[in-house]
Amino acid sequence: MISIIGGGPSGAYLASLLDDEVNLFEEHSVIGKPIQCTGILTHNIKELIRVDEKFIVNKIKRIRLISPGNEEYEFRLKHPEIIVDRYKFDNYLIDLARDNGAEIFSNHKLRDFSVDKKIKLKFDGKEVETDVLVGADGPNSLVARKSGLLNGRKYKIGHQYTAKGEFDRETFTVYFNGRKNYFGWVVPESEKVARIGIVGDENIPELFQGFLNRVKVNKKDFVECQSGVIPVFDYNSKCCKDNIYLIGDAAGHVKSTTLGGIVYGMRAAKILSSVLENGGDYDKLLRKKIGRDLWLHSKAAEFLSNFGEEGWDEFIKLLRKTDLGRFNRDNPFSGLHLFLKPSLIYFLMKQRLK
């Protein structure tokens, strides 16, 4: 018996891949809600599942970067990225899991577990025995915490609202203000609705109000709040112990540059499905297959966080000489050659030596 805690994309996708007897437990009564995600999927999602139009709300063809001094750089994506309805997307994956024979239990919040010959899971008024426990239970994972796999993880705070307004439906806009570890975004669902948010380390409510002024959105236009904490990837963290495994946000499988984690969480689920059925060192395979890319994202984010206002203004100007439309956001190593321009190299070296 394999028990998965969490019915988000990572947990549901894992359940759709396993041939063993699988129980999936989701703490909420409705899978896919509440939403705590911007919902952008890169083209690489097609390597994992068939993309169904029923969960797509929009397709992004361009990305616009805006510096603190309002320097802009816009580039066209080689492959459009999709904006999903998380409720429909999550339930599409849950249906795949159900079709694969998994038992789905909603409104089942894990309260505790103990490990002996078997793992005993404790829910409200119910205990379940299992051979394998998988934590796909988000950034505040109880499975990670109780098993000692949380490892002092760090977090960022994301604050997002769906809001009404006038938007370019084909362009995802990212704003920088020079503050360390901070950026904001406008992700359109249509010409009339967008997901507007920021992420950072502290003072988020105060910064969010300033961001709304910058993008000219009023609180009266808010439709729905979609906020939460986001784990910071740590290359050295362990994701398994005995018969306990972590995937997705519970394992910190998040890109530090954009803080997106759906595709990488599902990739981790695919790796784990192979380990559970064929054996292997899960941590070693994670580092080999996705760890290098996530490590590069973390180093890039660490470097970018120190630019400051003037640094971001200069960087955006220099990027205009680069075609980032050929850059694969899920495989950053494949696009490093795009930055091998004398002016960019000089700028990056100067920033490194500050």
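Q: Why does Glu 170 count as partly exposed?
A: Glu 170 has a relative accessibility of 26%, and the label partly exposed belongs to values between the limits for buried (under 20%) and exposed (over 50%), found with a 1.4 Å probe and protein chains only; therefore Glu 170 counts as partly exposed. This is a predicted model, in which local features need pLDDT of at least 70 and side-chain atom pairs count only at pLDDT 80 or more, whereas totals for chains, interfaces and linings use all residues. Residues are numbered from 1 along each chain as its sequence is written, and side-chain values use heavy atoms, with hydrogens and water left out.

Q: What makes Arg 62 and Glu 170 a salt bridge?
A: The closest N and O atoms of Arg 62 and Glu 170 are 3.3 Å apart, and a salt bridge asks for a side-chain nitrogen of Lys or Arg within 4 Å of a carboxyl oxygen of Asp or Glu, so the pair qualifies. Arg 62 itself counts as buried, because its relative accessibility is 16%.

Q: Where in the chain do Arg 62 and Glu 170 lie?
A: Arg 62 sits in strand β4 (residues 56-66), while Glu 170 is in the loop between β11 (155-164) and β12 (171-175), so that the pair links parts of the chain 108 residues apart. Strands here are DSSP runs of E with at least two residues, and helices are runs of H or I with at least four, both numbered from the N terminus.

Q: How do you know that Lys 317 and Glu 71 form a salt bridge, and which parts do they tie together?
A: Their closest N and O atoms are 3.9 Å apart, which is within the limit already given for a salt bridge. Lys 317 lies in helix α7 (residues 308-319) and Glu 71 in the loop between β4 and β5 (72-84), so the pair ties together parts that are 246 residues apart in sequence. Lys 317 has 43% relative accessibility and therefore counts as partly exposed.

Q: What makes a group of these residues one network?
A: Salt bridges that share partners join Lys 61, Arg 62, Arg 64, Glu 72, Glu 74, Asp 168 and Glu 170 into one network. A search of the whole structure finds 24 salt bridges.

Q: Why is helix α1 described as mostly covered?
A: Eight of the nine residues of α1 (residues 9-17) are buried, among them Pro 9, Gly 11, Tyr 13 and Leu 14. The elements that cover these buried residues include β1 (2-5), β2 (22-25), α2 (86-99), β10 (132-135) and α5.

Q: What makes Asn 23 buried, and which residues does Asn 23 touch?
A: Asn 23 is found in strand β2 and has 9% relative accessibility, so it counts as buried. Contact means heavy atoms within 4.5 Å, and, not counting residues up to four places away in sequence, Asn 23 touches Met 1, Ile 2, Ser 3, Ile 4, Glu 103 and Phe 105.

Q: What makes a set of residues a nonpolar core, and how many residues does the largest one have?
A: A nonpolar core consists of buried Ala, Val, Leu, Ile, Met, Phe, Trp, Tyr and Cys residues joined through side-chain atoms within 4.5 Å. The largest such core has 63 residues, and those with the most contacts inside it are Ile 4, Ile 49, Leu 121 and Tyr 282. Helix α5 (residues 262-278) gives the largest share of this core, nine residues. A second, separate core of 23 residues includes Tyr 73, Trp 185, Ile 230 and Phe 307.

Q: Why is Asp 242 called exposed?
A: The relative accessible area of Asp 242 is 65%, so it falls in the exposed class. Asp 242 lies in the loop between β17 (240-241) and β18 (244-246), and its phi is near 55°, a positive value in a residue other than glycine.
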